[in-house]
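The structure is shown first.

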Amino acid sequence: MSGRGLKLVLAPALALLPAIALGQDPIVEHRELHDGVDRPITDLSGSGDSSSIELNPAMINSVAGLDVTLLGYQSTYAFARGTGFGAFASANLGWGFALGFGVQALEPGFRGASFDPDIGHNRSATKLSFALALGRGEWGSFGIGVHGIRSGGTILRTPQVDLGGVIRMTNYASLGLVTRMAPAGLRDPSFRPTLDLAGELALRPLGNHWVELAGGLTARVDQTGGRGFATFDTDDLLPYGRLAVRYQGIELAGQVERVQADRLDENTLALLGSTTALRGSVALSVAWDYGVVGIGMHSGLGPSVDGIAYKARFSTKKQGRVHWGRQLDAEKFELAKIGDQRTLIAVLGRLERAERAGERAVILIDADGFGMSWGAGQELREALRRVRDAGGHVFAWVEQPSLRDYWLASVAERVYTHPAGGFDTVGIATRRLYFKDALAKVGVQVEAMHIEEYKSAHENFTRSDRSEFDAEQRSALLDDTWATVVHDIAQARGLSQSEVRELIREAPLGPARAVEAKFADEVMHRDELLAQLSEDLGVEVKLGKFPRIDPAQDTWSVEPYVAIVLIEGSMIDGKSRFIPLVNIIMTGAETTVATLQALRRDPACRGIVLRVDSGGGSAFASELIWREVQLTHTAWQTQPRTSPPIVVSMSDVAASGGYYVAMGTDLIFAEPLTVTGSIGVVMMHFDVSGLLDMLGVTVDRIERGGAGVEANTIWQPWSDEQRVKVRAGIERTYDLFLDRVSSARGKTKPEIDAIARGRVWSGQRAKALGLTDREGGLREALAELGKRSGRARFGELELRVLPARPTLLQLIVRGGGSLIVDSVDELVAKRSDEQRAKLPLAIEHVLARVNLSLLYLPQDQASTIVSGEFLVE
């Protein structure tokens, strides 16, 4: 932009600043030899860049990675000073240590042939700078800067030393302090040694970098002849104030400052005396990821613009972007890679961005092999539907889809398939494996007590076939799922429900038949897919992944975030466990309790979603987690401004103990196909005495204290007396469970007992019974947290999935768990690089149908757990 164009744009902002009338004695800014290239905005405590070594060396510790800044200033008023060029570089080396370097070529004299009566302090020179900063930039740091001046190959003075400090007061205030010492013992007697004492307070009223207000004061003390403060007066106090507004990589800043000035004779330009002047400036900069360019101007000394400043900055840390990138490519989603809550949440986040992109979004889903169940699938399908509703395009590719895969694919506007593929849309079922007879062959028996008749988690080990009550509840889940799937496919493909049911009975379908029956739109090879998409959209399409755009550093301290606390797999006492090769996930009460306690103490946490995908586990673990959820909810109710709200989002399964923990808060979201309820208790006892007999092993016991000493061992069956005690124990646990549910749901214990008794429900029926509150998933839960937090732009906060899951390498090297806090995209990026070991197909099918984490629960302990076989296939 030319200087004239810039004046036209920024003139209204400068119109109120004083100008020097023609015909009056000129007023020029008073500068010292060590003053560097002039700049429109002075920043001692805000964001900073590598050029901050000239203003406050402590600030380079707030600049991430490597940073290079170029500054230029050209005076346009004949009697303005400050022209020059500077190049600065800084490196944040970590461990609270940063270095900075700078070189400036100064041409501060008057423009043209005008004689500068103070040329001794405004001669052409080179300024060299070095800075060192120590501390944590997000909280505070200390820095030292050393500067030297050379002119014509001669060192003009001994180095100037700057001492600076920055103190960050959370995300709302920052204080910067600087002492600039120009030492005595100078080689140039005309140089005036000065001591500058400067301080600045910057405020961010919104807690982020969008709006920044700052005010500062510099006291310049002339040390010539050792006068010190003896001649100090109010003209040596130089206050200033600035305002910066930033959004999406654009920054508009303005500053008004008082400067020391000299009055010159209008005819001879002789120095008449010193005075002060009010000068204003405005600057505009734009960022594009790793680069920033800016332009600004000063006004106030002359009749118009005093000078124009230019700036360019390059950094290894993204600085924002002036607008969102155009999403021209088609983004591909492989649903087979979605296997747990972490990968699901990451994909939901990507679809949220696609929805915001509207008609620019083009999505291709590879639907074969979706790794989760119907509740998670329903949440994913709704997210895809919203992309289409927002004007985006969703296409699906299938080769050998199951009915669940095809149900997800049917939401697309067009479904493509392979000539050698087939639609295995053969219906849905629930399956259970029973091990009673197999265990009996090796002399092992399992005895169970349960409350009540629908509590069937034990039946894999205690029966050879299903019970009447188990068949009833599994059939109800099957009916609900079947009705939803048929309705959704019929609606999406423009078919009647009877036609859909008939086509499913006819399956498997060949590709040609699928197209004929309107289950698919085109048959083609994989290499023809992009050409077909290009033809359908009328543009050339290629596949690509749209990376998350990292915003500029939004705060001085910790970024605000929303926590998603996962309750996955079986719930156990102690710490969480993860066995990667067989994908066994166990949520430990100790880990979850510590996570929630840490979130309550963290002022950066703006809300918590308790994301439940668990069939329960240890009753004691369920109680511990419930209590911590309740404490978190109560803290928000009593102190809503300082404590994060918490709500529950149920995914595939949130039953038994997974339902128990949800009773700690007042709002539960569940998908219609979520499996929930199972309010009941079970206790199992494994007896291997028959196996010992077969092996010829005998057990010798010497007891003290009664028959209950060996009650919980696997070496013998329960006695009649022990069965009475076990029954009494699980009845107490069940009564406590009913108490938690009745208190949370506003019902009496008899009312809850009537719909409890261990029975599982679909999310649709659970809502009708008052066991849940609203239909929806993570999106709806986050929206509710936004309302409860009362904070603007809540939806743009970072999501953190907790506790972070350790990688296989971490498990080997460090064991236990990891408390690393990662963003959703970082977590899914790590997972996408991992290759899961594949077991033989038959073994994988067995593991998929048996809740192996049951074996990790303590022997003879009350458990609130539901069998994994309730998932409909």
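How much space lies in the largest cavity? About 580 Å³. The model is predicted, and all values below are computed from it.

## Cavities

The count comes to 5 cavities of 30 Å³ or more. Rolling a probe the size of a water molecule over the atoms shows where empty space is left.

## Lining of the largest cavity

A total of 30 residues line the largest cavity. Those nearest its centre are Asp35, Thr42, Arg180, Arg220 and Glu257. By class, the lining has 14 charged, 8 polar and 8 nonpolar residues.

Several strands take part. At least two lining residues come from each of β8 (160–169), β10 (194–203), β11 (211–222), β12 (237–247) and β13 (250–264). Of the elements that contribute, β13 gives the most, with 5 residues.

## Helices α11 and α12

Two packed helices are described by the angle between their axes and the distance between the axes. For α11 (residues 589–601) and α12 (residues 619–638), the axes come within 9 Å and cross at roughly 10°. Angles under 35 degrees count as roughly parallel, and α11 and α12 are therefore roughly parallel to each other.

On the α11 side, the contact is made by Ala589, Thr592, Val593, Leu596, Gln597 and Arg600. These meet Ala621, Leu624, Ile625, Glu628, Val629, Leu631, Thr632 and Ala635 in α12. The contact of α11 with α12 comprises 9 nonpolar, 3 polar and 2 charged residues.

Notes
Residues numbered from 1 in each chain as written. Predicted model: local features only at pLDDT ≥ 70, side-chain atom pairs only at ≥ 80, totals over all residues. Heavy atoms only, no water. 1 Å grid on protein atoms, 1.4 Å probe; cavity = no way out; pocket = protein on both sides within 12 Å on 5 of 7 lines; lining within 4 Å. Points joined across faces, edges and corners; volume = space filled by probe spheres on them. Helix = DSSP H or I, 4+ residues; strand = E, 2+ residues; numbered from the N terminus. Nonpolar A, V, L, I, M, F, W, Y, C, P; charged D, E, K, R; others polar. Axes fitted to C-alpha atoms, helices over the stretch in contact; angles between N-to-C directions. Parallel < 35°, antiparallel > 145°, perpendicular 65-115°, else oblique. Contact = heavy atoms within 4.5 Å.
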